[in-house]
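Hi,

Here is the structure I promised to pass on to you. Please have a look, and find my notes below.

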Amino acid sequence: MHIPVQKKLRAGFFIAATVMIIASVCSYIVTKNLLDNARWMNHTIEVSKRLEVITKQVKDAEAAIRGFSITRDTAFLRPSMQERSIKIEEEYLHLREVTKASPQQQLHLDTLKHLLDNKYKQLAAGETKWRSFKKDTSSVQEGEKSMDKIDRKVQDMMKIEEGHLQNQSEMQHFYSMIWAPVIFISSLIAIFIGIYSYVTLTREYRLQLHIESRLKSYQRDLQQNISLLNKSNEELEQFAYVASHDLQEPLRKISTFSDRLQIKYGSLLPTEANELLDRMGAAVTRMRVLINDLLIFSRAGRITPDSIVKVDLNTLLQQVSSDLEERLQEKKGTIHTEELPVIEGHPTALQQLFQNILTNAIKFASPERELVINVSCKIIKGAALDIPVRENQLDDTFCQLSFEDNGIGFEPAYAERIFLLFQRLHGMSEYSGTGIGLAICKKITDSHHGYIKAYGEAGKGATFMVILPLTQTHQDEQY
């Protein structure tokens, strides 16, 4: 099954967009992890640094006490233990602020605070003792024990920070392992889609150029065929016109000779010969009518844009009814009509259309009842019509004319056949005519970009539905 190029390109761009979204999400995750890892690293470094500063300041304070105890040099006691404790307290507060997001570290800091307070007391007590030149080795041992506890607590806090950093590093390693294949695969897919799109568009462009070239060639051939067809139609029209006149001449001679023969020798001829001459005259008359009808058919529907004018169908119907008044009186017929619209069309052709339909209704009137013809109209959109219309006429507005009579009607099976040329449903002995009238009606409706349909029921009557556009917006198109 052939897949249209538009669907292929749409699918390709959808896949490319999906790959880009996935790659963007992965990039966001990896970048976020990198930032988190960097943040945790900075956090760990800062915590380690401040813990190291606190430990160093505590050890310096203790070393100062021991140095003074050995040398009795008061320089070791500057700055004093009070000043040193203040600096340690400042570092502790900074550390507490840094680790405020970690409840576990806050608990360790609480313990560390207790240990530091004890250490402050020991240092202050040691300073006092050494200034009074009292020796107390127990204080040294207590200081070492206290310092060991502080060191252990600091190590515990460092382990927690190192654990966080280790987790972040493992996560970073995991995403790094995923990121490289994702980038590689997405790049390959993007390259493949780019190449595929380029090849497809190039092929489509070449195909479009080929189609345009073929279309131009077809248009040239079509223009030539149209010119030949127009020329052929003109020649056929000229031929039909000349042929009709050429055919009329021998018919006139036959009719003339037949009349002379009957006038001069009619009394001398036997009865059978006179009957043959009458039948010959009738055939000549019928041939003359047939030729005239063919001429009318060949000329029907020849409409040019210049001949299109506004036509009031009410006036048109009144004129046709007036022309058929005598024939209506013979059938004791009446015509009932609704208000009809004004449409664009060829007035002569539309008059012929109305006349042929009404003449057909009068001809096939039922002998059992008086003839009644109802003419109604309905304005309707092309898309709402009961018959299939051309696609470019779905939004056009039509007038749907209905010519309904109570004549002899016809079988529904003949609804299409009656519009064909020379098609008759009755013999010449029953009803006169050549079978061209309704064919002319169809030709006129087609030339007006309209439609004609017939509905009938034998013995009950017939309805002719004529559908014509209100405006000839497609008058330049050929059907």
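His-449, which follows α9, has a positive phi, near 60°. Helices (H or I, at least four residues) and strands (E, at least two) are DSSP runs numbered from the N terminus. Please keep in mind that this is a predicted model, in which local features need pLDDT of at least 70 and side-chain atom pairs count only at pLDDT 80 or more, while totals for chains, interfaces and linings use all residues. Residues are numbered from 1 along each chain as its sequence is written, and side-chain values use heavy atoms, with hydrogens and water left out.

Staying with α9, its buried residues are Leu-438, Ala-439, Ile-440, Cys-441, Ile-444, Thr-445 and Ser-447. Here buried means under 20% relative accessible area, exposed over 50% and partly exposed in between (1.4 Å probe, protein chains only). For the protein as a whole, 34% of the 479 residues count as buried, and the secondary structure comes to 9 helices and 7 strands.

Now to the helix packing. Helix α9 (residues 437–447) packs with α8 at an angle of about 145°, their axes 9 Å apart. Axes are lines fitted to C-alpha atoms, for helices over the stretch in contact, and angles run from 0 to 180 degrees between N-to-C directions. The crossing of α8 past α9 is left-handed (the near helix is turned anticlockwise from the far one by less than a right angle; clockwise would be right-handed). On the α8 side, Ala-349, Gln-352, Leu-353, Asn-356, Ile-357 and Asn-360 meet Gly-437, Leu-438, Ile-440, Cys-441, Ile-444 and Thr-445 of α9; contact means heavy atoms within 4.5 Å. By class, 7 of these residues are nonpolar, 5 polar and none charged. Ala, Val, Leu, Ile, Met, Phe, Trp, Tyr, Cys and Pro count as nonpolar, Asp, Glu, Lys and Arg as charged, and the others, Gly among them, as polar.

Helix α8 (residues 347–363) also packs with helix α6 (residues 313–323), at about 50° and with the axes 10 Å apart. That angle makes α6 oblique to α8 (under 35 degrees is roughly parallel, over 145 roughly antiparallel, 65 to 115 roughly perpendicular and the rest oblique). This crossing is right-handed. Among the residues making the contact are Leu-313 and Leu-317 of α6 and Leu-350 and Phe-354 of α8. The classes here are 8 nonpolar, 3 polar and 1 charged.

What has the most contacts inside the largest nonpolar core? Of its 40 residues, these are Leu-313, Leu-353, Phe-354, Leu-401, Phe-403 and Phe-464. Such a core is a set of buried Ala, Val, Leu, Ile, Met, Phe, Trp, Tyr and Cys residues joined through side-chain atoms within 4.5 Å. At least two residues each come from α6, α8, β4 (372–381), β5 (397–405), α9, β6 (451–457) and β7 (461–469), and α8 gives the most, with 8. A second, separate core of 17 residues includes Val-58, Tyr-92, Tyr-120 and Met-147.

Two more residues deserve a look. Ser-402 sits in strand β5 and is buried, at 12% relative accessible area. Leaving out residues up to four places away in sequence, Ser-402 touches Asn-374, Val-375, Ser-376, Thr-463, Phe-464 and Met-465. Ile-408, in the loop between β5 and α9, is buried too, at 19%. Its C-alpha lies 7.7 Å from that of Ala-462, although the two are 54 residues apart in sequence.

Best wishes
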